[in-house]
Amino acid sequence: MAVEFLAHERIWFEKFKYDEAERRYYEQMNGPAGGSSQQQQENGASTILRDIARARENIQKSLAGSASTASSGPGDQNELLSRISHLEVENQNLRSVVADLQMAIFKLESRLNALEKSTSHQPSPVPPTQKVEPFSVPSKKVELPSASPAKKAEPAAAEEDDDDDIDLFGSDDEEEDQEAAKVREERLRQYAEKKAKKPGLIAKSSILLDVKPWDDETDMAKMEECVRSVQMDGLVWGASKLVPVGYGIKKLQIQCVVEDDKVGTDILEEEITKFEDYVQSVDIAAFNKI
């Protein structure tokens, strides 16, 4: 109420009238004055009037600012209300969409349940590649060649002599057991002989020998002939070649295959070094198991 009252106040727009009335009032109170005292009074009155004018201007500015804020307030409230209403509309739309989605999910679940129930009641189909047939036992009579006459003869013997409890056919069973034992022993003997005749695993080794001569004048062909002349059970000579050593001297590199149980490396070296005219030394360059 005070703000509206000050907004409608017109006293400040008729400032000159009040200034004149104020001057007259002071003249009546103090009387007419002249010279310097009157000028001083006028100067003092003018400063007071200026201060009053400044205060009035500040009041007017403050009143104008409050009026503008009061006028702008309803607009902001309207904008806020419009935004709130817009948000409410969007919220309603979202709720409707969520409700539609829930309904669709419920329908899908019901359809799935119905399909599962229908498939559970139906029997599982047989694959096309399989053929289901009823199980039938073939009606075949199994007859033993030796026991069948006994079974046929038992009723006749029982009819002839009911009081006789002696097993007349026990000797046949004993003979059959003896024959089966003989057959089994014969098969075991044949298997043992076959296993004894079967050769076992023979361990063999591949040896590469370096046979060195005395000098470059040694006949290498004759030395190779002497080396190959060594013959043993389980020894097989292989390829050979001459490898230069230096200063015109060459060594004989020869390969052989030996059976480990029959030929040893020591015996082989000893037999080759017997040819003292041609052989200086024998070394094993490579030794591999086969």
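Student: Why is C226 called buried in this predicted model?
Tutor: The relative accessible area of C226 is 10%. Buried means under 20%, so C226 is buried.

Student: What makes C256 count as buried?
Tutor: C256 has 0% relative accessibility. The limit is under 20%, and therefore C256 counts as buried.

Student: How many disulfides does the structure hold?
Tutor: The structure holds zero disulfides. A disulfide would require a pair of cysteine sulfur atoms within 2.5 Å.

Student: How many aromatic pairs are there?
Tutor: The count comes to one aromatic pair. The partners are Y25 and Y26, whose ring centres are 5.8 Å apart.

Student: Why is the pair of Y25 and Y26 called edge-to-face?
Tutor: Ring centres must lie within 6.5 Å to pair, and planes over 60 degrees apart count as edge-to-face. The planes of Y25 and Y26 stand at 65 degrees, so the pair is edge-to-face.

Student: Why are Y25 and Y26 called partly exposed?
Tutor: Y25 has a relative accessible area of 47%, and Y26 has one of 44%.

Student: Which residues touch the most other members of the largest nonpolar core?
Tutor: Of its 18 residues, these are L209, V211, L235, W237, C256 and I272. Strand 3 (249-259) is one of the elements that give two or more residues to this core. The largest share, four residues, comes from strand 3.

Student: Which residues does W237 touch?
Tutor: Leaving aside residues up to four places away in sequence, the contacts of W237 include L209, C256 and I272.

Methods:
Residues are numbered from 1 along each chain as its sequence is written. This is a predicted model: local features need pLDDT of at least 70, side-chain atom pairs count only at pLDDT 80 or more; totals for chains, interfaces and linings use all residues. Side-chain values use heavy atoms; hydrogens and water are left out. Buried means under 20% relative accessible area, exposed over 50%, partly exposed in between (1.4 Å probe, protein chains only). Rings of Phe, Tyr and Trp (its six-membered ring) pair if their centres lie within 6.5 Å; planes under 30 degrees apart count as stacked, over 60 as edge-to-face and the rest as tilted. A nonpolar core is a set of buried Ala, Val, Leu, Ile, Met, Phe, Trp, Tyr and Cys residues joined through side-chain atoms within 4.5 Å. Contact means heavy atoms within 4.5 Å.
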